[in-house]
Amino acid sequence: MSTFWRTFKVAAWLGWEMDSNWTEPWLFVIYSIIKPIAAAFILVLMYVVFAAVGHVTVPALFDFMYVGNAFFIFVGSVLFGTFQVIQSDREWYQTIRYVYISPISYYVYIMGRAFSKILVSAFAVLITLGFGVAALGVPLGLSLADIPVFIAALVLGLFCLLAIGITLGGVTFLMARHTQTLAEAVPGIFYVFCGVLYPLSILPFWLQDVGKAIPLTYWFDLSRRLLLPPELMAGIPTGLSGFDDLTILGFLALSSAVFFVLSIGVFRLGEYLARKAGKIDMTTSY
Amino acid sequence: MSAVTVRRAAVVRRSDLRYKVGLNVRSILGRAYPRVIGANREPSWIFFEVFLPLLGIAAYVFIYQAFYNAQVALIQAGQCGSAACASAADQLAYLQTAARNLNALVGTVVLGGTMVAFWLNVLWSMASQLYWEKEIGNLQIYMMAPMSRMALLAGMAIGGMFMTSVRAISTLVAGVLVFGVVFQVANPFLLLAVFFVTLIALYGMGMMFASLYLLWGREAWNLSSLLEEPIFFSSGMYFPAGGFLMVQPWGPAVAVAGSLVPAMLGLDALRQLTLPGTTLPSLLPPDTELELLLVLAVVFLILARFSLAYLEKLAKREGKLTSRHQ
């Protein structure tokens, strides 16, 4: 256990240094918040154009979308932070062979490397939510009684994200260096199916079932329930309104556990196939 | 000088020119080749390049769908715009306008999705490519080879355009088949001109960035990453760029800054040419946007030529051409 902890700590430190030491701290802070703010502004402009062209306003839907989008920052950042570890070590720094043969858990090493992304994205989420409250009038609030459930959901959601990221990491063992498309595309799956930006009920029925099988759906729904006023949420058909908060938390815990087991399986399989094909330390330059 | 000597000199000059042209054409083809072939040899790309990006686009389509559903519910409840519906005919007219606007907005997202594909390719496979070549040790080989560096970049651009066209075309086809977007092309020649000039300007920008990224070193990767969402926003990839003019006071300033990236003007012109007759806001008439794009294309190609020469000289003088991880 102490080896795991030491690996995690050192990998987290390494990840932080690699992420941030390319520039001055103030520039890194700007860099970290400008992307999520820009993503939020895409939604703002979409809403502005629709409201102007259609002569209609739907503020509840906008608040719903804004909060979902803010929490989605975790998804893109943590997922990419996790599965790009293998690619960057293998293709860019070409250090994977040394890390891989060292007596540590490579799985824990990747989790540690991704941890710095969680810290940075948490900061970006806070900035985005703060901007929404201050500049766009998004009505956020969290009661004291809801804080434990909120924290539990956050921890489970992030753990689940790491597990999904490592699952993808297992796949990238076998891929060429062009994983940028994967970074863009996989969060797209969650964007569509997890009701991040719109209520799940917008999707056709069979796609709603796909969304309900993904743990992140429960995380986003629960976070919004706890942060947005109940009367606002009551007017939006999320498709999960029949369940109370603790039941949603239970769904999240259960599905996270399933994804954790899946991540170990896929990671081991990808690793095995890459070793068999001699691809562990391959470089692809086209 | 005798007539024979003059004739020989002319022959040498001609063959020298022929040699240079041949060499550079071969370089272009040679650099484009691995990208074209690579696209075919990596079957996973078909999944990652074609299917998965559609999901991101679908998310933006569903946002408009959610807004539309809310709007339809309001109209059916008797609210037409900010006032109550005057009659059943008024209500029907509002419903029809809402459906037309939805088609145009979904079409905007689909067109934006195709442009995103090209922009990502410019960022990750053009702008950061020379830096990447330096990291893996190919750059010094390129620099020693006798062809023009511009030919190298042109080959990368052509290969990249081919690679990305697969994704772009599939996005368009999916837009029509899956999302039911109806495009109407009244002026195909102008449409093609806008499309190709936009691509030339975009890849010209990528060629210019390729040399600058060599200068910026390790920041290059982060810069590419930084130029994703902010450019998606400032170029109006998922909404009509004319929307910036509705947001005072900062919207017009963003529109002006955003128009430095050719994607914005190209996308706005393409949207107007394929989705005519809608009430969506636009920036400028398409032919004016084409003229501006032509200017951008020429400027970026010239800047690419100069920045490449300057950076090569600078890198050689400072001895950084082959130094990795800096």
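## Exercise 1: A tryptophan and its contacts

Task: Leaving aside its neighbours within four places in sequence, which residues is B:Trp119 in contact with?

Solution: Keep in mind that this is a predicted model. Once neighbours within four places in sequence are set aside, B:Trp119 is in contact with B:Leu202, B:Ile231 and B:Ala263. Next, look at the largest nonpolar core, which has 174 residues. B:Trp119, together with A:Met46 and B:Ile63, touches the most other members of that core. Helix 3 (residues 88-127) of chain B gives this core its largest share, 20 residues.

## Exercise 2: Two helices of chain B

Task: At roughly what angle do the axes of helix 3 of chain B and helix 11 (residues 262-274) of chain B cross?

Solution: Start with the axes: they come within 10 Å and cross at roughly 145°. Then check the handedness, which is right-handed for this crossing. Now find the residues that make the contact. Helix 3 of chain B contributes residues including B:Gly107, B:Leu111 and B:Trp119, while those from helix 11 of chain B include B:Ala263, B:Gly266 and B:Arg271. Sorted by type, the residues of this contact are 6 nonpolar, 5 polar and 1 charged.

## Exercise 3: Is a glycine buried or exposed?

Task: Decide whether A:Gly81 is buried or exposed.

Solution: First locate A:Gly81, which sits in helix 3 (residues 59-92) of chain A. Then use the cut-off: a residue is buried if 20 or more other C-beta atoms lie within 10 Å of its own. A:Gly81 has 24 C-beta neighbours inside 10 Å, so A:Gly81 counts as buried. Finally, see what A:Gly81 touches: not counting residues up to four places away in sequence, these are A:Ala114 and A:Lys117. The C-alpha atoms of A:Gly81 and A:Ala114 are separated by 5.0 Å, although the two residues are 33 residues apart along the chain.

## Exercise 4: A helix pair in chain A

Task: How are helix 6 (residues 147-172) and helix 11 (residues 245-276) of chain A arranged?

Solution: Their axes come within 8 Å and cross at roughly 20°. Helix 6 of chain A is therefore roughly parallel to helix 11 of chain A. The crossing is left-handed.

## Exercise 5: Where the chains touch

Task: How many residues of chain B are in contact with chain A?

Solution: The count is 51 residues of chain B, in contact with 42 residues of chain A. Helix 2 of chain B supplies the largest share of the chain B side, 19 residues. By type, that side divides into 30 nonpolar, 13 polar and 8 charged residues.

Notes:
Residues numbered from 1 in each chain as written. Chains lettered and ligands numbered in written order. Predicted model: local features only at pLDDT ≥ 70, side-chain atom pairs only at ≥ 80, totals over all residues. Axes fitted to C-alpha atoms, helices over the stretch in contact; angles between N-to-C directions. Helix = DSSP H or I, 4+ residues; strand = E, 2+ residues; numbered from the N terminus. Parallel < 35°, antiparallel > 145°, perpendicular 65-115°, else oblique. Left-handed = near helix turned anticlockwise from the far one by under 90°. Core = buried A, V, L, I, M, F, W, Y, C linked by C-beta atoms within 7 Å. Buried ≥ 20, exposed ≤ 12 C-beta atoms within 10 Å, placed from the backbone. Contact = placed C-beta atoms within 7 Å. Nonpolar A, V, L, I, M, F, W, Y, C, P; charged D, E, K, R; others polar.
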